[in-house]
Amino acid sequence: MRPPAPASRPRQPLTVIGGFLGAGKTTLVNHLLAAGERRYAVLVNDFGAINVDAGLIASHDGQTLRLTNGCICCSLGEGFLTTLARVLAEPEGFDHILIEASGVGDPSAIADIALVEPDLVLSAILVVVDAESIASQLRDPRIGGTVLRQVQAADLLILNKCDRLDAAGRAQARAALEALAPRCPVLEAVEARIPADIVTPGLAPARSRFRAASPARHEARFGRILYERSGAFDPDGLRAALNRTPASLLRLKGWVRLGPYATPHLLQMVGRRWTLTPAPETAPPGDGIALVGIACGAVPAGCALADLLDLALLHAPVPRPASSPALPRTITGDTPRCH
Amino acid sequence: MGETTVFEARRIITMDPSCPEATHVAVRDGRILSVGTASDFVGLPLDQRFAEAVILPGFVEGHAHVMEGTLWKYTYVGAGERRDPAGKRVAGLASIDAVIDRLAQAHDADPGDSVLVGWGFDPLHIAGARLTRRDLDRISPDRPIVVFHASLHIIVANSRVLDLAGFTSETAIAGVVKHEDGAPSGELQGIAPRLRLLRALGWTSWTGDLEPADVVRFAGAAQVQGITTIADLHNDLPARTVEIYRAACTPDLPVRIVPALASASCAPEEGVARIAALRAENTERLRFGLVKIIVDGSIQGFTARLGAPGYHNGAPNGLWYVAPDDLKRIVGIYHAAGVQLHIHTNGDEATDAALEAIAAAQEKTPRADHRHTLQHCQMARPEQLARAKDLGLCVNLFSNHLYYWGDVHRDITIGPERVARMNPAASALRMGLPFSIHSDAPVTPLGPLFVAWCAVNRMSSSGAVLGPDERLSIEQALHAITLGAAFTLHMDTQIGSITPGKQADFAVLADDPLTTPPEALKDIAILATVVGGAVHPTAARA
């Protein structure tokens, strides 16, 4: 009865974009669409607010906008579940599915979908916060609880509209968020412009028009991390390490090897959300551990991370036996949430 | 000009203040021609089939959902008796075993491999017993089986469905409820398990796309309760639904249907245009024009937005479905465009937000007689009712809550003081605030006489009287389910009273509600309805 996904079809990464009304969710969607050249499916509340080059539109039936590059953009007008079910039934999968949550919704309710849908893998919950009004929103007895739930659901907080505050104001807003969501990285942004690399799935760097436009500013704010080791991680040790990464770590991805037989896995980590997926047999990566990452600030975060990961290394991996043990499974991080 | 029919009755209760009582009503071309007594109709042939009965204006249900018609294609397993669209009594079930027996009968009657669906399961009224996967597994290990709770927020699935969906003890989301042993209990809630179920069962939408037969069942379920006009008060109205409505709402349909566009389905600017296009093709059986906005959740689900002092048991405050500022924007746009709004508010904080939004809209674009209506408005405080009156609003109160959840509201959700003023119909009346009362079917059973009984007796299912000072008289309650509801739908010039010129829409009752003891009001049999002059006998009285 269940239409099984084709065996070869990989799980599609889902990113949920939450945040209160006016925080900049749609701006972020527009920015990510412009910055990447991937096959996106985007589900948004208000169609009209999405910037699409008219020349790219292949068809438009009122509910779905199809672009010539294979991307689709869906309005949630006919109901969220119906729309998402339709996207998942598309014959070709997408590189990345972006869902814009309602401005009063709890984005973790949507994210739960990716935790039970075999065709999906949760990439991250991004929550956009209006730097200028977050303090008053949290104090507002009517909407404070709603905003708090959103902040606490985040894997990565995007403190938007930072240009409207001075340094002290930004620090204050950041501190408020850090107190509410202690392990969650906070990324400051203007007009929701964040390096697309931080949130786009896959291993290859996204070719980003934005990065090309102003690389210098990025490199000053963000440190690139490279972590290469031979050998393998102890799975429990790695899990513990990934659950304790510094909040300045925004992104980590690459190949790792796990357990006594050094089984290759793909690690994807966005903010505090991570997933380890067993490598497909057809695509054996090199023979060691190779991770790249992005952190706020520079070298210190990279060093702290390397120290943390090194503690999880196994000392002597053994050769894999001829008969393979039980198939490895996807492992996901347990992100603590306060409800 | 067509023929004139003169119906004779034991008594006609007209709801027309200048001629409150009569025994004869003449009907021509579907409309009421004149109202009077035998002496006014001397020499005319009389239609005496209702001579022993009592005629009222056809009942108007101002808040129900077409899903009532959809659900009746499935097996009802609720605790209270309901009447199906054919008029047959379907007994309430007092235990899990009885629920399983009825589902097993449905399975035996039609053993196919399609999904077996039950609806209306109501743990509250069978002493809190929970239905689980293991109970349903007794019916069939192979056939997929799901049961909707009465709230529609919880679904119970059997092991076959859990397998298909891939829910196991390892599934780690809150919406997949677990037994103590860590295995899924079968109870599923929230959107994540729902999408998985949709896909696993090969369904395209949650309760299925609307089908013509659903509209016919909806109309039937209303007709057997004496309803002649009914609102489907929250519908996304995709093109296909509108087509089905138009095809189903022929002059033979025994009710007039008033669908309300769900504001959440599109931006308000688009909604204004959609309503204009839909209204242009209204007929006497199908009338578009309303827009519904849902502001908060439900009180018993702890998702309603309550003002101080909040939930009686200390539960955290509920959820906004629309943020107060956004509500202001949306209301402003529809209000300025002349659209009538029906605004769902359960908690009093949500009601405040709606009042503020209307006040802002009125200040910017003053509009007489807009009749925006607060739907449910269950926790309205006196000053909120006064402000609603001041702003030209109507309220449609959810009196059935007092019976179904009254005990829970008193003991757990809002406490004894606030339950006494819950759904304050008598206060609305005293203040001259136009009001109606409703069932929200299928959430509670369709049946205006039962709604009226709830408003008159304010008795909970355990027998406690909750807020005697807010009780209505029978006459007042009958007004609320006829002219009162017609007013909230802005249809009172056409329906709601037995007045010359209005549609000949009647409910024909076996007994006189004005001489019936209040506690027996709900038990009066509906013999027939008349819609636009056409008689529709209510079928099987089994």
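Trainee: What share of the 542 residues in chain B is buried?
Mentor: Buried residues make up 55% of them. A residue counts as buried if 20 or more other C-beta atoms lie within 10 Å of its own, as exposed if 12 or fewer do, and as partly exposed in between, with C-beta atoms placed from the backbone. Keep in mind that this is a predicted model, where local features need pLDDT of at least 70, side-chain atom pairs count only at pLDDT 80 or more, and totals for chains, interfaces and linings use all residues. Residues are numbered from 1 along each chain as its sequence is written, while chains are lettered from A and ligands numbered from 1 in the order in which they are written.

Trainee: And what radius of gyration does chain B have?
Mentor: Chain B has 23 Å, which agrees with a compact globule, because one of 542 residues would have a radius of gyration near 24 Å. The radius is taken over C-alpha atoms, and the globule rule is 2.2 Å times the number of residues to the power 0.38. Along the principal axes, the C-alpha atoms of chain B fill a box of roughly 80 × 55 × 45 Å.

Trainee: How many helices and strands are in chain B?
Mentor: Chain B has 17 helices and 24 strands. Those are DSSP runs numbered from the N terminus, H or I of at least four residues for helices and E of at least two for strands.

Trainee: In what order do the 6 strands of the open sheet in chain B come?
Mentor: The order is 7-10-11-12-14-13, with mixed pairing. Two strands pair if DSSP finds at least two bridges between them.

Trainee: Which strands stand at the edges there?
Mentor: Strand 7 (75-76) and strand 13 (176-178) of chain B do; each has a single partner strand, so one side of each is left without a neighbour in the sheet. Further in, strand 12 (residues 154-157) and strand 14 (residues 184-189) of chain B pair in the antiparallel sense over 3 bridges, and B:V156 has B:E187 as its bridge partner in strand 14 of chain B.

Trainee: Is strand 2 of chain A mostly covered or exposed?
Mentor: Mostly covered: 5 of the 5 residues in strand 2 (residues 40-44) of chain A are buried. A:Y40, A:V42 and A:V44 point one way, and A:A41 and A:L43 the other way.

Trainee: Which strands does strand 2 of chain A pair with?
Mentor: Strand 6 (residues 96-100) of chain A pairs with strand 2 in the parallel sense over 4 bridges, where A:Y40 has A:H96 as bridge partner.

Trainee: Last one: how many residues of chain A are in contact with chain B?
Mentor: 28 residues of chain A are in contact with 35 residues of chain B, contact being C-beta atoms, placed from the backbone, within 7 Å. Helix 2 (80-88), helix 3 (107-116) and helix 5 (144-153) of chain A each supply at least two residues of that side of chain A.

Note on methods:
Two residues are in contact if their C-beta atoms, placed from the backbone, lie within 7 Å.
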